[in-house]
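Colleague: Could you walk me through this model, one feature at a time? I would like the general idea first and then the case at hand.

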Amino acid sequence: MSGMSEAAAGIQPRERDIARRETLRQLAKSKTLIAGVLIVGFWVACALFGSTIAPDDPLELTDVVLAPPSGAHWFGTDALGRDVFSRVIVGASETLKIAPLATLLGIVLGTTIGLITGYFRGIVDESISRVIDAFLALPLIVLAVTALVGLGSSNTTLIIVIGVAFTPIVARTVRATVLGERELDYVDAAKLRGEGSGYIMFVEILPNITGPIIVEATVRLGYAIFAVAGLTFLGFGVQPPSPDWSLQIADNYQLLSSGTYWWTVLFAALAVSSLVVGVNLIADGLQQVLDR
Amino acid sequence: MIVFALAQLLPGDVGRNVLGPFASQEQVDRLNEALGVNRPLVVQYWDWISHFLRGDLGTSLQYQVPVSDLLGPALANSLKLAAVAFVFVVPLSIIGGTIAGLKRGGIIDRVITVGGLSLTAVPEFVTAIVLILIFGVTLGWLPVTATAPEGASIPTQIEYLLLPSFALVAVLFGYIARITRSSVMESVDADYTRTAYLKGLTRRQVVGRHVLRNSLLPTIAVVATQVGYLIGGLLVIEKLFNYNGIGQRIYTAAVNKDFLMLESGVMIVGVIYLVATFVADILYSVFNPRIRFQADG
Amino acid sequence: MTDVVTADAALEIDALDVVYRVRGRDRQVLRGLTLNVERGEAYGLVGESGCGKSTAALAIIQYLPRNGFVRSGAIRIDGRDVLALSGSELRRHRATAVSMVYQNPGAALNPSVRIGSQVAEVFKVLGVTGSDADDRSRAALETVQIADPGSVMKRYPHQLSGGMQQRVIIAMALATDPALLILDEPTTGLDATVEAEVLDLVAGLQSELKTSVLFISHNLGIIQKMCDRVGVLYAGRLVEEGDTESLLNDPRHPYTVGLLRCVPRGGVRKDHGRLDTIPGFMPNVGDDLPGCVFASRCTLAEDRCRTEEPDAHVVGLAHLSRCHFHDRAQTLPREFSADLVLPDVDRSGAPLLRFDDLGKVFAQGGHDVHALVGVSAAIWPGETLGLVGESGSGKTTLARTLLGIIAPTSGAVMFDGRDLAGTLGKRSASDLRELQIVFQNPDSALNRRHQVRRILRRALRKLAGLTGKQADARMLELMHSVRLSERYVSARPSQLSGGLKQRLAIARAFAGDPKLVVCDEPTSALDVSVQAAILNLLVELQAEKRVSYLFISHDLGVVRYVSDRIAVLYLGRLMELGPSETIYDGPHHPYTEALLSAVPTIDGEARERIKLDGDIPSASNPPTGCVFHTRCPRRIGAICDDVEPPLIDVEENHLMRCHIPLDQLRALQSDRTSLKSTITTT
């Protein structure tokens, strides 16, 4: 039989395993990714177990105010006599709750909208895209500040506001990917066997665009932390007396111009920097491997 | 169209939200009365938009002066700050991105990419504080406030704006450089670049005439979209440096629930963004023959 | 392979090893490649995808990707060792001694620079300046028969057609009279009539300028037309080399023999028997191949072939073969050819599918594009209707309209005695089941995230209503019927070779026992050896299941092999429809005639090329009268420009849309050489 010989000759049946392993190996070899995972992992661990590591209660007020770094207080104390080191250790916990949840919300909503607009095109796409464009005309922070003034600041509203603000951005990215994907013949093949739109969008197309969505999610996570930090600094985000890094900075930065008391701000600044850089390093590493 | 959609979106949300959960019923009624928000939504929008377009932004609830009197100077201040930041960031990031793209995988590339990525990722107030600590406090080279004394010369004014603008530059640099880099790399890999090399052109000629010409196009669009971010960044930076710009105005309006001012400030930001993207579209089509000739084809 | 190293050779490649470093491992792409291109000679390098032919070109021009490098060997152009050139020498060398034209001319020109300055650059590099450079650019464009070089120079690349773009590139390549011109698949992706023009142009210039050419192609027909000598490349090694004539007529390597046999040629049709195939797969780049590179797929191979690298045996005048058994290469066993009982097509009964007066108008940028204009035809049970036409002819639109992916603007479709709704949403389950498609590119047609099992079971569930054990059993039957081994059930498409993927796509189309399958260029993304196996499979399935095909292809040899009748489309209009013998043997429509003569074949029956003028007109602004009159070599006068000829029965079963009576066409076409003189007498 003409074809049997070809089929019987066979081709690497483990090609996919090899490819998958190859992707993993490349991920494991990516220096930026590893650095990012280590940094973020460190802060996640601190957020989870920080209270047991921290030498003092981060919220405890003492008489030792504005003490410079010493053996007793490694990073010194702040204006209310709280131990800065302990505060820095647990300072990520709020952000690390809010940012991932906001990202998740934005990704889920954005992916759904992006799939629908990209798949249906036409009027649905036109109208939703208009709204998205309008949304995008405003910087995230301005949008969030405006919304938070109305809704009041709490962790839940922060998650919702940032998540919703991310939605159009995610939707636009997903839509662009879907537009490319829906031109492929497997979509027509599915229509030709009578599949419904929902099936085609979520079972046929979605699995093929997970790579860009994962990358988008990590990038968004970086921006979410960035946004939480900025909003908190402005007083619209995490509320006192939380030991959040940005709150520490907001509370103490005015002490800076004197030139002393730098420890009240610097360690928190370095900590928040390292966390966002870590997340972005992960995003960069993933992008390089997954985007082929 | 977009302006219209934007107009529909914003004041409605803000108005309802500001009034809704906070004020007592009596306050709400009074405000509704004063602002005419009990009229049908469309009428309100029309009223507000038509006033906005005529430059009448209403009266600030907090200061009891016309909003335009407050926002006008603030806008001018912000534009100064933004201009200084742009003057630095656009050439720096495009040159950086181009070098990184041409030296792909090399040490310079890694430094520019990872360095830019880190700068972009760090919140601007953190960068600003570090800059203040280094240049303002420790070295004492630059003033730590942004507002120059009354009647200062232009160079002095610029000097005062350096620190705050650097914080903005840091954030924008990584982003623009990254886009430039990837579009340079795409250009370098293109067949037409191979054609150019095979003509016997030098590397410098190939880069100058063929690579950059095509790779800078997408960068224009990116720079424009960053105008939007820039104003978001101004909110934080102006607060930090206590600089009387539009960001600071939006911030205080938000804190004090002076929502007519908030609305107008936000609207102005939106309009600036739209103008920026519009200008970018025009530039893009001027430089891109494919779009330029679509009109007559 | 040539032992004599003459100082005269334009290109000498000696024992060239090129490797790509992939993830820290060196993978060898070229294995001791040795060849010479003599001065004024056109040398063809032929091979299937992945054989290393493009790598050879990139090595010659010193433009290997960053992970590729020459491990050993030498490359000399015009006697000069190109591997030893310094930076400035290399630039000088590129400017004067070597040029290259490659696939996809659109990408090879800078999109944001005017044509004029791009061409002028070639001269500016040599120190020519200002208006001198412009004059020489104009002259260069005239050389490639661009009628109005002045206006072309002012344009941007996207304002030119693909054929024009490729002319500009050829003009740039030849402008400095290089010692060597490399053409890497220069016409792949161009339409047949445009391809023919470009090839004629290159052939003319080559004989006029005596340029030495290295012509790289996968298409033996083009090589036959263009080249004096041929080298056959397989897995990075030159397995056979010789004069074009002797190599194609007297191949002495089993791979060449197999390659020549799998192309449908000489008017062979499905009822004559199956096509030969080459079993197995090309080795992966970098595989360790101690013996003959072809041993794993060679039915003549013995133990010796797997361990001992064959020498280049001289098998004739300047004819070399790297085969231990070159003297019996042609005894390569033929494919076992069981007698196929093809269904008798009974056209007296009702057709399976009939479409009447189908029209489709797209709105595009404010213009109406008439993609289909009043197309009518029918397909009977068990029949294959071939559909040929160039880009813009509407053949894909017709297929998609029949399938219901897009709705027709006018006209009606009857299927199996019932009206078919215009769009998929309104069609019944049995409509969907009985009308299926095999797409051109299986990579696009198969969901790369789904396993074979899932792809087939879902199709069985939706198209045959089968679930559970029944579906499993039917799935294995389906896989068996397309010769897809059971062990691939949990594979994903990326694990399958191109041929296996297309088998999977065919299996999916047959899940609900369709009555009509649209085959949209099902083999054009595949190498010829794989193409033959897929064509065999389609024909076997037709014999077994009495399925009808609407078979779309630009490859006229393939269409002829599978089709009972053929329809020719041009600018959305049906120009001719008839039994395939009639369509091929003539008398045929002037467009069909041009199309047939445009295709280079390896059959050696050198036809007089019918030259078409100009590009294919845009479907948004079709010519008046007969849409073909702007390019028709047999135009008879004003009637062609003003009056659209009707599609009429010119003889039994043969429809044609032409003002020239059939008898006159017959007379004209029987004597091709007197083309010009006969036309004027009409």
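Modeller: Gladly; let us begin with a strand of chain C. Strand β6 (residues 98-102) of chain C is mostly covered, with five of its five residues buried. Buried here means that 20 or more other C-beta atoms lie within 10 Å of the residue's own; exposed means 12 or fewer, partly exposed lies in between, and C-beta atoms are placed from the backbone. Strands (E, at least two residues) and helices (H or I, at least four) are DSSP runs, numbered from the N terminus.

Colleague: Before we go on, what should I know about the model itself?

Modeller: It is a predicted model: local features need pLDDT of at least 70, side-chain atom pairs count only at pLDDT 80 or more, and totals for chains, interfaces and linings use all residues. Residues are numbered from 1 along each chain as its sequence is written, while chains are lettered from A and ligands numbered from 1 in the order in which they are written.

Colleague: Which residues of β6(C) lie on one side and which on the other?

Modeller: C:Val98, C:Met100 and C:Tyr102 are on one side, C:Ser99 and C:Val101 on the other, and both faces are covered. As for pairing, two strands pair if DSSP finds at least two bridges between them. β6(C) pairs with strand β7 (residues 180-184) of chain C in the parallel sense, over five bridges. Within β7(C), C:Leu181 is the bridge partner of C:Ser99.

Colleague: In what order do the strands of the open sheet of four run?

Modeller: The order is β14-β13-β16-β17 (chain C), and the pairing is antiparallel. At the edges are β14 (367-379) and β17 (418-419) of chain C, each of which pairs on one side only. Strand β13 (residues 353-364) and strand β16 (residues 410-415) of chain C share five bridges in the antiparallel sense. C:Phe355 stands opposite C:Val413 in β16(C).

Colleague: Why does C:Ile60 count as buried?

Modeller: C:Ile60 counts as buried because it has 21 C-beta neighbours inside 10 Å. C:Ile60 sits in helix α1 (residues 53-60) of chain C. For contacts, the rule is that the C-beta atoms of two residues, placed from the backbone, lie within 7 Å. Not counting residues up to four places away in sequence, C:Ile60 touches C:Leu11, C:Ile75 and C:Ile182.

Colleague: And why is helix α22 (residues 590-598) of chain C called largely enclosed?

Modeller: Eight of its nine residues are buried, so α22(C) is largely enclosed by the rest of the structure. Among the buried ones are C:Tyr591, C:Glu593 and C:Ala598. C:Ala598 and C:Ile60 are 538 residues apart in sequence and 31 Å apart in space, C-alpha to C-alpha.

Colleague: Now chain A, please. How many helices and strands does chain A have?

Modeller: Chain A has 13 helices and zero strands. Of its 292 residues, 54% count as buried. The radius of gyration is taken over C-alpha atoms, and the globule rule is 2.2 Å times the number of residues to the power 0.38. Chain A has 24 Å, whereas a compact globule of 292 residues would have a value near 19 Å. Its C-alpha atoms fill a box of roughly 90 × 50 × 30 Å along the principal axes.

Colleague: Which residues touch the most other members of the largest nonpolar core?

Modeller: A nonpolar core is a set of buried Ala, Val, Leu, Ile, Met, Phe, Trp, Tyr and Cys residues joined through C-beta atoms within 7 Å. In the largest one, of 378 residues, A:Ala144 and A:Val145 touch the most other members. The largest share of this core, 17 residues, comes from α13(A). Beyond four places in sequence, A:Ala144 touches A:Val161, A:Ile162, A:Ala165, A:Ala227 and A:Leu231.

Colleague: How many residues of chain A are in contact with chain B?

Modeller: There, 39 residues of chain A meet 42 residues of chain B. The elements of chain A giving two or more residues to its side are α6 (122-136), α7 (140-151), α11 (210-234) and α13 (263-290).

Colleague: Where in chain B is confidence lowest, and where highest?

Modeller: pLDDT is the predictor's confidence in each residue, from 0 to 100. In chain B, helix α1 (residues 2-19) is lowest at a mean of 41, and helix α8 (residues 191-198) is highest at 93. Chain B averages 76, with 75% of the residues scoring at least 70.
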